[in-house]
Structures are given as structure tokens and as C-alpha cells.
Amino acid sequence: MAKHFNLQITGNELSVVKILLLIFLVVRLLLIFTGDTKTLDKGDGTYYNGYAIGVILDNEEWMQNHPNEIDDKRAPVYPLFLSFTYLLFGIEKFWAVFVLQAFISLILCYYVYLFAARLFDKKIA
């Protein structure tokens with residue numbers, strides 16, 4: 001038998017979810033602006049940053065001087081996102097990257113809630 005999906009989400013429930021998401025966004029923005037956003041830690045961030053700079057500069061000399069930061073083992077979408085962000089706000093303005101990621105994750109959380117509410121029920125969502 002097919003289970004009927006619960007498609008009725010009241011405005012009051014959505015208001016609570018939106019308030020929670022707003023609180024989460026404010027906390028995340030406070031952490032971004034009170035933390036160290038001038039440098040990247042070791043790890044993948046360094047490589048993605050190098051890849052994005054290489055895309056922006058399109059400079060053969062830069063790519064030869066940074067061979068470890070450009071490779072074909074990483075997905076191209078995130079470096080392109082970084083490149084676009086760097087074009088808008090300047091190269092290595094990490095605060096801008098973190099703020100955009102905060103908004104993207106906020107939107108993603110909202111849609112995951114809506115999906116879970118439709119797939120299961122409001123309590124599980």
C-alpha cells in the first residue's frame with residue numbers, strides 16, 4: 001500500500017524553523033567574524049585555494065611555481081565557486097567565502113527540513 005505523504009506544514013511550524021535557522025546563521029556569522037579568517041589551515045583548503053587562484057590568474061608561471069596546488073584529483077565545482085567569490089570580493093578574502101557558505105548551508109538545511117517533513121512527518125523533520 002502506498003503511504004500518503006504529509007504535505008501539510010503550517011505557517012506556525014515554518015516560523016519556528018525559520019527562527020531556528022536565523023539563530024544558527026547569526027551564531028555562524030559571529031564565529032566567522034570573531035575568528036581567524038585571514039589564513040587557511042593545512043589540508044584540502046590550501047589546494048582548493050591554489051586551484052581557484054590558478055583559474056583566476058590563468059598564469060602559466062604561477063602554475064609552475066605551485067605544482068602541488070593544481071591537480072586533476074579534485075572536483076572542479078568548489079574551486080570555481082572560490083574563483084567566482086574571489087572575483088567578486090578579491091583573492092583570498094576568506095571571510096567572503098565563509099559567509100557565502102553559511103548562506104548556502106542555511107538554504108540547504110531549510111530544504112532538508114521540507115524534504116524530511118514531506119517524506120516522514122513533522123516530528124521527525
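Colleague: Let's begin with Thr-85. Which helix does Thr-85 lie in?
Modeller: Thr-85 is part of helix α4. Bear in mind that this is a predicted model.

Colleague: Noted. Is Thr-85 buried or exposed?
Modeller: Thr-85 has a relative accessibility of 0%, so it counts as buried, the cut-off being under 20%.

Colleague: And what is Thr-85 in contact with, leaving aside neighbours within four places in sequence?
Modeller: Thr-85 is in contact with Gly-90, Ala-96, Val-97 and Leu-100, once those neighbours are left aside.

Colleague: What about Ser-83, where does that one lie?
Modeller: Ser-83 lies in helix α4. Ser-83 counts as buried because its relative accessibility is 5%. If you leave aside neighbours within four places in sequence, Ser-83 is in contact with Ala-52, Val-55 and Ile-56.

Colleague: Nice. Which residues make up the largest nonpolar core?
Modeller: There are eight: Tyr-48, Ala-52, Ile-53, Phe-81, Leu-82, Tyr-86, Phe-94 and Val-97. The elements giving two or more residues to this core are α2 (44–57), α4 (77–89) and α5 (94–119).

Colleague: How many residues are in the second core?
Modeller: Seven, and that core is separate; its members include Leu-14, Val-17, Tyr-113 and Ala-117.

Colleague: Back to Tyr-48 for a moment. Why does Tyr-48 count as buried?
Modeller: Because its relative accessible area is 19%, and buried means under 20%. Tyr-48 is found in helix α2. Between the C-alpha atoms of Tyr-48 and Pro-79 there are 5.5 Å in space, although the two residues are 31 apart in sequence.

Colleague: Switching to α5, how far apart are its end C-alpha atoms?
Modeller: They are 37 Å apart. With 26 residues at 1.5 Å a residue, α5 should span 38 Å, so the two values agree.

Colleague: Last topic, the surface. Which residues form the nonpolar patch there?
Modeller: The patch is formed by Val-16, Ile-19, Leu-20, Ile-23, Phe-24, Val-27 and Leu-31, which together have about 670 Å² of accessible area.

Colleague: Great, thanks!

Definitions and conventions:
Residues numbered from 1 in each chain as written. Predicted model: local features only at pLDDT ≥ 70, side-chain atom pairs only at ≥ 80, totals over all residues. Heavy atoms only, no water. Core = buried A, V, L, I, M, F, W, Y, C linked by side-chain atoms within 4.5 Å. Buried < 20%, exposed > 50% of the residue type's maximum accessible area, 1.4 Å probe, protein only. Helix = DSSP H or I, 4+ residues; strand = E, 2+ residues; numbered from the N terminus. Patch = residues over 30% accessible without salt bridge, like charges linked within 9 Å, V, L, I, M, F, W, Y side chains within 5 Å. Areas by Shrake-Rupley, 256 points an atom, 1.4 Å probe, with all protein chains shown as cover. Salt bridge = Lys/Arg side-chain N within 4 Å of Asp/Glu carboxyl O. Contact = heavy atoms within 4.5 Å. Expected span 1.5 Å × (residues − 1).
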